[in-house]
Amino acid sequence: MDRFTRVPISEQDPKIRATNFKEVCLGYTEEEAMAEAKRCLQCKKPQCRGNCPVSINIPGFIKEIAEGNFVKAAQVLAEYTALPAVCGRVCPQELQCEKTCILGKKGDPIAIGKLERFAADWAREHGVEVGTTKERNGIKVAVVGAGPAGITCAGDLAKEGYDVTVFEALHEPGGVLVYGIPEFRLPDAVVQHEVENLKKLGVKIETDVIIGRTITIDELLEEEGFEAVFLGSGAGLPKFMGIPGENLNGVFSANEFLTRNNLMKAFKEEYDTPIKVGEKVAVVGGGNVAMDAARTALRLGAEVYIVYRRSEEELPARKEEVHHAKEEGVRLELLTNPVEIIGDEKGWVTGMKCIRMELGEPDESGRRRPKPVPDSEFLLQVDTVIMSLGTSPNPLLSSTTEGLEVDKWKCIVADEKGQTSKEGVFAGGDAVTGAATVILAMEAGKKAAKGIYEYIQSKKQK
Amino acid sequence: MYKIVERRDLAPNIFLMKVLAPRVAKSAQPGQFIIIRMDEKGERIPLTICDYNREEGTVSIVVQALGASTQKMANYQAGDYFEDFVGPLGVPSDFIKEDLTELKKKKIVFIAGGVGVAPVYPQAKWMHDQGIDVDIIIGARTKELLILEEQMSQVGNLYLATDDGTYGYHGRVTDVLRDLVENQGKKYDRAIAIGPMIMMKFVCILTKELKIPTIVSLNPIMVDGTGMCGACRVTVGGKTKFACVDGPEFDGHLVDFDEAIQRQAQYKKEEHQHEHQHHHHQGKCHIRGEY
Ligand SMILES: Cc1cc2nc3c(=O)[nH]c(=O)nc-3n(C[C@H](O)[C@H](O)[C@H](O)COP(=O)(O)OP(=O)(O)OC[C@H]3O[C@@H](n4cnc5c(N)ncnc54)[C@H](O)[C@@H]3O)c2cc1C
Ligand SMILES: Cc1cc2nc3c(=O)[nH]c(=O)nc-3n(C[C@H](O)[C@H](O)[C@H](O)COP(=O)(O)OP(=O)(O)OC[C@H]3O[C@@H](n4cnc5c(N)ncnc54)[C@H](O)[C@@H]3O)c2cc1C
Ligand code: SF4
Ligand code: SF4
Ligand code: FES
């Protein structure tokens with residue numbers, strides 16, 4: 001194999017995987033991983049690294065893989081990331097590390113994500129323990145939300161010796177990683193392993209606790225003796241379009257659809273939670289969430305259309321997911337926008353009226369703005385519509401916490417170190433930025449852990 | 001895990017459970033609800049908080065065994081555990097924030113139907129504890145389905161009605177309310193109606209006519225109960241609201257009940273199929289009770 005061609009990775013056959021929830025990508029074998037790792041030029045000034053949000057020492061861990069030192073590879077990764085098995089699977093690599101890999105200029109960039117995943121999976125499967133913990137100092141810190149931001153912040157603080165309790169509203173920790181991203185892209189076992197690691201570090205996780213309802217932030221600080229609180233509550237509030245017919249039976253938010261399937265395991269016969277997927281499903285939107293909803297509906301037996309108002313070029317989802325979705329038989333209705341959902345007399349969806357779009361002048365985001373083509377309306381015959389238009393932070397925390405500043409999108413205002421407008425309260429991840437990515441949430445959790453550490457140190461000195 | 005410390009049958013297929021959940025008990029307020037997941041494989045079931053005891057750390061719920069999940073719950077006994085018990089959810093009733101002297105001047109009528117009696121109880125009790133005298137109309141299909149009569153009689157003036165005339169007034173709660181206002185000279189500044197959607201719909205049609213502002217507590221389908229899924233959306237005053245975070249209590253005169261009733265039926269068929277499979281296994285058959 002030449003230096004410019006990526007070692008292929010095995011995947012489940014599209015026809016077969018479209019009928020099951022098992023992971024699509026099977027991962028590299030040891031030999032394959034070493035071969036791919038050997039392609040890396042070990043650049044002195046690695047372009048890849050600068051484009052990774054947490055600046056992982058990419059040539060460093062790849063070198064260890066190339067030499068067959070898989071434990072060492074995992075150790076290098078552990079210095080930078082708490083969730084390598086997750087990021088290796090779901091990072092938009094083609095826009096980050098792999099985009100600037102020097103090999104990409106002439107051929108295929110190194111499969112950095114796949115190698116990261118390989119090293120993390122290898123460590124997990126071989127029971128390798130990575131990371132060390134300092135002596136416990138008995139100082140209590142609370143973390144709200146057990147998503148990537150919360151998990152990372154809790155892990156880092158526990159390693160520093162803090163007594164950390166994570167409060168999670170749902171019955172299972174993991175955040176979007178368990179309720180949103182499906183099993184076929186990110187197996188639960190991977191997330192559970194990371195959660196177990198967190199517990200091994202001494203972190204306590206209390207599920208079924210909704211901060212703002214069960215207990216407030218002020219109570220945590222004043223009554224339960226926490227020195228600081230980190231808010232990693234995500235951006236879970238789904239948006240709807242506001243078009244007629246949106247409350248008909250058979251219209252769901254992607255969050256509802258995915259939560260029923262992933263968190264509540266509706267796809268498994270023996271679980272009680274039902275899920276309705278009709279024969280023909282329209283998923284409105286073009287991000288990762290839309291792809292996940294579409295591929296889930298497909299696996300539940302439906303014929304699926306993605307309805308997106310711009311062209312394929314602009315689809316915000318990871319390229320790999322779009323490619324996989326198409327392979328599996330999801331159809332794309334591009335340059336199309338819904339205008340109304342039509343129902344029968346009993347209130348069930350029978351179709352979605354759409355209009356064709358064309359791309360006009362670029363907008364602020366630099367993407368060409370879609371505008372409707374006159375007289376191009378048509379009816380898409382579907383019995384289920386899944387709205388996947390993005391999410392915003394849940395106002396529950398800000399509305400129940402005196403002195404916590406939010407912006408007009410209800411995002412919590414926090415500085416580089418995660419400090420909010422309220423003393424002792426830090427925040428990061430989607431709760432601050434709005435819906436973003438796992439790696440950015442992780443990075444924010446890391447920075448806030450540092451911020452909290454410094455805050456507590458300076459308080460002690462006073 | 002959350003321990004069931006007490007279980008009492010109130011009527012056929014209606015039972016009360018007192019559950020040990022100190023964090024929930026500490027924050028619970030009238031008007032709020034909790035979500036139970038019975039076991040690993042169970043669904044998330046929303047239920048109104050019927051009573052709470054902060055010292056004991058317990059929360060009481062009253063459940064009507066209707067479909068597969070609530071029937072499964074009916075088999076749980078004192079000493080058993082629920083996997084999850086999360087809350088309190090939703091916004092507490094508005095009146096607990098109101099000015100007490102103002103509130104005391106108001107004449108309030110509660111209207112409860114079926115298991116709706118359970119959620120009315122903490123509210124009427126709260127009023128009673130503040131020294132506010134309230135009227136309570138309770139309706140049930142038949143005498144044996146009338147629950148919590150004794151407790152309710154201690155917190156307000158009771159007016160009972162059964163559809164079949166086996167107890168109290170022969171008729172529906174709306175008939176009683178009309179009678180009180182039109183024939184017995186009662187004047188109400190506010191009505192609080194909790195029960196099946198269809199009952200709340202007809203109460204609201206009547207109170208609109210009688211010009212009594214009315215609060216209702218909606219019970220749509222829910223999944224998370226924290227504002228994350230939108231399953232619970234209802235139209236109130238032409239706007240979409242999430243009942244779990246914006247409610248569950250709303251101005252009844254603004255609620256689109258027809259839509260709410262339609263949406264509540266979303267999983268009915270599914271459930272039947274599920275039940276059929278179930279029965280096949282167990283070789284026995286239950287007859288579904290009506291709400
Ligand atoms: C379907 C889907 C697919 C995605 N695919 C990708 C992808 O391929 N790649 C990628 O990088 N990103 C992806 N994302 C985005 C990514 O998952 C998020 O950016 C990331 O999870 C944000 O992490 P977080 O920790 O900030 O929040 P979350 O993961 O949202 O976690 C927040 C947690 O806080 C809990 N919580 C909220 N409020 C409270 C409260 N008041 N009290 C207690 N707990 C509370 C929530 O229940 C939740 O568990 C996807 C998102 C979705 C929905
Ligand atoms: C805020 C609120 C408060 C409530 N308070 C009470 C109470 O105090 N006592 C009481 O007896 N009942 C109460 N309910 C109703 C109770 O949650 C439902 O009766 C119960 O979930 C129905 O489950 P089932 O399977 O036994 O019945 P079925 O009526 O057969 O339901 C069939 C299926 O539909 C779905 N479903 C139906 N209703 C709901 C729901 N509300 N949420 C989620 N899924 C649903 C479920 O998947 C269910 O399996 C309340 C509901 C809400 C939203
Ligand atoms: S964390 Fe993401 S961006 Fe960084 S190296 Fe890994 S896959 Fe690339
Ligand atoms: S830029 Fe590419 S070739 Fe160079 S070190 Fe990074 S991964 Fe290796
Ligand atoms: S139940 Fe999910 S948003 Fe209300």
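Strand β1 (residues 2–11) of chain B runs alongside strand β2 (residues 14–20) of chain B, and the two pair in the antiparallel sense over 6 bridges. Strands here, like helices, are DSSP runs numbered from the N terminus (H or I over at least four residues for helices, E over at least two for strands), and two strands are said to pair if DSSP finds at least two bridges between them. Within this pair, Arg8(B) has Leu16(B) of β2(B) as its bridge partner. The model is predicted, so local features need pLDDT of at least 70 and side-chain atom pairs count only at pLDDT 80 or more, while totals for chains, interfaces and linings use all residues. Residues are numbered from 1 along each chain as its sequence is written, chains are lettered from A and ligands numbered from 1 in the order in which they are written, and side-chain values use heavy atoms, with hydrogens and water left out.

In chain B, 5 strands make up an open sheet with antiparallel pairing, in the order β5-β6-β2-β1-β7. At its edges lie β5 (51–53) and β7 (81–82) of chain B, each of which pairs on one side only. As a reminder, strands of a sheet pair through backbone hydrogen bonds, either parallel or antiparallel.

How enclosed is strand β13 of chain B? Because 5 of the 5 residues of this strand (residues 190–194) are buried, it is largely enclosed by the rest of the structure. Buried means under 20% relative accessible area, exposed means over 50%, and partly exposed lies in between (1.4 Å probe, protein chains only). In a regular strand the side chains alternate between the two faces of the sheet. Both faces of β13(B) are covered, with Arg190(B), Ile192(B) and Ile194(B) buried on one side and Ala191(B) and Ala193(B) buried on the other.

Seen as a whole, chain B holds 10 helices and 17 strands. Its radius of gyration is 19 Å, which agrees with the value near 19 Å for a compact globule of 291 residues; this radius is taken over C-alpha atoms, and the globule rule is 2.2 Å times the number of residues to the power 0.38. The C-alpha atoms fill a box of roughly 55 × 40 × 40 Å along the principal axes, and buried residues make up 55% of chain B. Contact means heavy atoms within 4.5 Å; among contacts in chain B between residues at least 6 apart in sequence, 63% join residues at least 24 apart.

Chain A can be described in the same terms. It contains 17 helices and 16 strands. With a radius of gyration of 23 Å, close to the 23 Å from the globule rule for 462 residues, chain A is as compact as a globular protein of that length. Its C-alpha trace spans about 70 × 60 × 50 Å along the principal axes, and 57% of its residues are buried.

A few single residues also deserve a look. Gln266(B) sits in the loop between α9 (257–264) and α10 (268–282) of chain B, and its 4% relative accessibility makes it buried. Leaving aside neighbours within four places in sequence, its contacts are Asn249(A), Gly250(A), Phe252(A), Lys276(A), Trp348(A) and Ile221(B).

Chain B also has a cis peptide bond between Gly87(B) and Pro88(B), with omega about -5 degrees, and Pro88(B) lies in strand β8 (residues 84–89) of chain B. The peptide bond from Gly247(B) to Pro248(B) is cis too, with omega near 15 degrees; Pro248(B) is found in the loop between α8 (243–246) and β17 (249–251) of chain B.

In chain A, Lys265(A) has a positive phi near 60 degrees without being a glycine, and at 11% relative accessibility it counts as buried. Asp375(A), likewise not a glycine, has a positive phi of about 55 degrees, but at 84% relative accessibility Asp375(A) counts as exposed.
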